[in-house]
Amino acid sequence: MAAAAHLTWAAVAVLALFGGGHPAAAQDAAAGRAKAAACSVCHGPLGLSTQPDAPNLAGQPVLYIATQLRAYRSGARKHEVMAVMAKPLSDDDIQNLAAWFNSIRVEASAP
């Protein structure tokens with residue numbers, strides 16, 4: 001029984017750490033799509049890069065996108081353009097952008 005209690009608390013801790021049940025984790029892909037208009041110059045309207053030095057964002061995991069945007073916003077990750085783009089983003093904006101790009105389906109096939 002003690003092991004089950006530890007497992008439950010571990011699950012709660014993971015959810016708290018990664019945003020499960022947290023108000024900032026409310027993800028609205030439609031709001032993210034609207035906010036992503038500024039991103040489309042480099043990352044394309046559907047998250048498929050139009051620039052050789054910009055990554056594709058379509059289909060990326062929410063956690064990855066949100067973590068990277070927070071790192072650009074805080075200055076922990078350096079990039080001249082992304083620092084400017086991420087600085088004004090709220091936590092909700094970041095979660096919504098992450099939800100939008102994650103919702104775009106990408107298919108790959110072997111040659």
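**Note on the salt bridges, core and cysteines of a predicted model**

1. The structure holds 3 salt bridges. A salt bridge here is a side-chain nitrogen of Lys or Arg within 4 Å of a carboxyl oxygen of Asp or Glu. The model is predicted: local features need pLDDT of at least 70, side-chain atom pairs count only at pLDDT 80 or more, and totals for chains, interfaces and linings use all residues. Residues are numbered from 1 along each chain as its sequence is written, and side-chain values use heavy atoms, with hydrogens and water left out.

2. The fold is helical. The protein has 6 helices and 0 strands. Along the sequence the pattern reads α-α-α-α-α-α. Helices (H or I, at least four residues) and strands (E, at least two) are DSSP runs, numbered from the N terminus.

3. Start with the pair between K35 and D93. D93 forms a salt bridge with K35, and their closest N and O atoms are 3.6 Å apart. D93 belongs to helix α6 and K35 to helix α2 (residues 29-35), so this pair ties together parts that are 58 residues apart in sequence. K35 is partly exposed, with a relative accessible area of 38%. On this scale, buried means under 20% relative accessible area, exposed over 50%, and partly exposed in between (1.4 Å probe, protein chains only).

4. Which residues are linked in a network of salt bridges? They are R70, R73 and D91. R70 pairs with D91, the closest N and O atoms being 3.9 Å apart. R70 lies in helix α4 and D91 in helix α6, so the pair ties together parts that are 21 residues apart in sequence. R73 also meets D91 in a salt bridge, at 2.7 Å from N to O. R73 lies in helix α4 and D91 in helix α6, so here the parts tied together are 18 residues apart in sequence.

5. R70 counts as partly exposed at 28% relative accessibility. D91 is partly exposed at 34%. R73 is partly exposed too, with a relative accessible area of 21%.

6. Now the core. The largest nonpolar core has 18 residues. Such a core is a set of buried Ala, Val, Leu, Ile, Met, Phe, Trp, Tyr and Cys residues joined through side-chain atoms within 4.5 Å. A36, L69, L89, L97 and F101 have the most contacts inside this core. The elements giving two or more residues to this core are α4 (62-74), α5 (80-86) and α6 (91-103).

7. L89 deserves a look. L89 sits in the loop between α5 and α6. Is L89 buried or exposed? L89 is buried, with a relative accessible area of 10%. Leaving aside neighbours within four places in sequence, L89 is in contact with K35, L69, R73, I94 and L97. Contact means heavy atoms within 4.5 Å. K35 and R73, two of these partners, also take part in salt bridges, K35 with D93 and R73 with D91. The C-alpha atoms of L89 and L69 are separated by 8.5 Å, and the two residues are 20 residues apart along the chain.

8. Next, the cysteines. How many disulfides does a search of the whole structure find? The search finds 0. A disulfide is a pair of cysteine sulfur atoms within 2.5 Å. C39 is in no disulfide, and the nearest cysteine sulfur, that of C42, is 9.0 Å away. That 9.0 Å between the sulfurs of C42 and C39 is too far for a bond. C39 is buried, with a relative accessible area of 18%. C42 counts as partly exposed at 28% relative accessibility.

9. L46 lies in the loop between α3 (40-43) and α4. L46 counts as partly exposed at 44% relative accessibility.

10. Last, the overall values. Of the 111 residues, 29% count as buried. The accessible surface comes to about 7,400 Å², and 65% of this surface belongs to carbon and sulfur atoms. Accessible areas come from the Shrake-Rupley method with a 1.4 Å probe; for residues, only the protein chains shown count as cover. Among contacts with a separation of 6 or more, residues 24 or more positions apart account for 60%.
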